[in-house]
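Take a look at the model below. We will start with one residue and its surroundings, then step back to the whole chain.

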Amino acid sequence: MTTDSPTRADAASLRVGGQELELPIVHGTDGDDAVDIGKLRGETGLITLDPGYGNTGACTSAITFLDGEDGILRYRGYPIEQLAAQSTFLEVAYLLIWGELPTREQLDRFVSEVTHHTLIREEMRHFFDSFPSDAHPMAVLASGTVGMSNFYPDSQNIFDPDAVEITINRLIAKLPTLAAWSFKKAIGQPYVYPRNDLGYSANLLHMMFAVPSEAYEVNPKVAEALDLLLILHADHEQNASTATVRMVGSTHANLYASISAGISALWGPLHGGANEAVIDTLERIVADGGSVQKWVDKAKDPNDTFRLAGFGHRIYRNFDPRAKIIKSAAERVLAATGADDDLFEVAQRLEDVALNDEYFISRKLYPNVDFYSGMIYRAIGFPKTMFTNCFAIGRLPGWIAQWKEMMESPETKIGRPRQVYIGPDTRAYVAIEQR
Ligand code: ACO
């Protein structure tokens, strides 16, 4: 494929046999431009093949910009560093979903709506009771999320703006309750109801760690650190779980079903589940005597499937800007909670060794968002299996914003990739006794 000009061409030409096809170029406001291949199959009989979608833009989007080469991340144009320093999670959620930073009145209304929808239907207690006590909180969260569509049939009205708004508010309000109750179930403690006098992150801490028999004081520094983590996770354009939410949503499944699918996609250790895998790895290193080099070598061995969780990213070929912010927050939280975490010291040594190793340098493998987030979750007191639940709560506004943008776009069609078939050609059925 050649373009008329190497910089800002309006069309690319593709020669197939004797045929030449002009393909329009779609320009973004920043970052990648794209060749629009909409006419390709109709005109040439060819499709594109891009396993893992490394070169495929599935949509245009005005929500999040990230530049992996320069380590830039912005939500609706606002740099992540500024939002992390000055905003709150609910304000960022509003920004992502509704497109602009809210006025004081808009924010108060949104916060009040979310605060007054945090209770989940009482029948759902039986739902938690029915899972085994060793159920993984991600499985419970994904099931509980799609389960909510049973209680709120108005969520089927995906083109009714009022029904969409109340579904959005319910989801943001109730996901922490579902997440905290999945944890209480796992440790056999009574479920703790939300408190409307607490902020969003403080309320999650209260539902996670309070017990009916004694007073629980939320440490404001810890609530602040959790809010920061949620902001940093709030959106990341077309990652695997967001692409899943869009794909499921494109079938016109309701928003609870779409988000539940996103939660399942997030669970995988190559995606959001990496935060749990990082701590697993650090614990294994400590149990093994603390030799970091040995595990770096293991990650480099082409005959070993082990990968250093928390390193590498499909888009970032430089430091993940979120990882930088999280690392300094981890230092603050460890100081505030007085947690003396030997894993933090191992993590820092691991980072040093990996960042100076030719294998990681040449492949541009840097610490990603998950490398230090587990340290903060641990210092707060979350068990490993809850880390990805927290990530899901953070990512929820991004999933919702992406779903809403897709549903409102006239360009949206059902997501349905094609394939290049490489199986057997037609053959006649063989009766079982002749095989
Ligand atoms: N440890 C060791 N080697 C690695 C790692 C790692 N963490 N990540 C990538 N590599 C190597 C690959 O083996 C490959 O080497 P090769 O060229 O010799 O074959 C090369 O680096 C490129 O890696 P790919 O897998 O092709 O990169 P891709 O973009 O497909 O994968 C991914 C990105 C999945 C994040 C990968 O880096 C990884 O598995 N990291 C560990 C899991 C993780 O931390 N995931 C969280 C990502 S952030 C998020 O989702 C929230």
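Asn275 is buried, because its relative accessible area is 0% and buried means under 20%. The model is predicted, so keep in mind that every value here is computed from it. Asn275 lies in helix 12, which spans residues 274-287.

What does Asn275 touch, leaving aside residues up to four places away in sequence? Its partners are Asp370, Ser373, Tyr377, Phe387, Thr388 and Phe391. The side chain of Asn275 makes a polar contact with the side chain of Thr388, at 3.1 Å. The side chain of Asn275 also reaches the backbone oxygen of Phe387, at 3.5 Å.

Now pick a residue elsewhere in the chain. Thr118 is 157 residues from Asn275 along the chain. The C-alpha atoms of Thr118 and Asn275 are separated by 26 Å.

Next, find Ser250. This residue sits in a loop. On one side of the loop is helix 10 (240-249), and on the other is helix 11 (255-267). Is Ser250 buried or exposed? Ser250 is buried, because its relative accessible area is 7% and the cut-off for buried is under 20%.

Look at the neighbours of Ser250. Not counting residues up to four places away in sequence, Ser250 touches Met406, Lys413, Ile414 and Gly415. A polar atom of the Ser250 side chain lies 2.8 Å from the backbone nitrogen of Gly415.

Now step back to the whole chain. How many helices and strands does the chain have? There are 18 helices and seven strands. Along the principal axes, the C-alpha atoms fill a box of roughly 80 × 65 × 55 Å.

Burial can be counted for the chain too. Of its 435 residues, 48% count as buried. Contacts tell another part of the story. Take the contacts with a separation of 6 or more: residues 24 or more positions apart account for 69% of them.

The accessible surface of the chain comes to about 21600 Å². Carbon and sulfur atoms hold 51% of that surface. The chain carries 40 positive and 57 negative side chains. The centres of these two sets lie 4 Å apart.

Notes: Residues are numbered from 1 along each chain as its sequence is written. This is a predicted model: local features need pLDDT of at least 70, side-chain atom pairs count only at pLDDT 80 or more; totals for chains, interfaces and linings use all residues. Side-chain values use heavy atoms; hydrogens and water are left out. Helices (H or I, at least four residues) and strands (E, at least two) are DSSP runs, numbered from the N terminus. Buried means under 20% relative accessible area, exposed over 50%, partly exposed in between (1.4 Å probe, protein chains only). Contact means heavy atoms within 4.5 Å. Accessible areas come from the Shrake-Rupley method with a 1.4 Å probe; for residues, only the protein chains shown count as cover. Lys and Arg count as positive and Asp and Glu as negative; His and the chain ends are not counted. The place of a charge is taken as NZ of Lys, CZ of Arg, CG of Asp or CD of Glu. A polar contact is a pair of N or O atoms within 3.5 Å; within protein, one must be able to donate a hydrogen and the other to accept it, and residues adjacent in sequence count only if both atoms are side-chain atoms.
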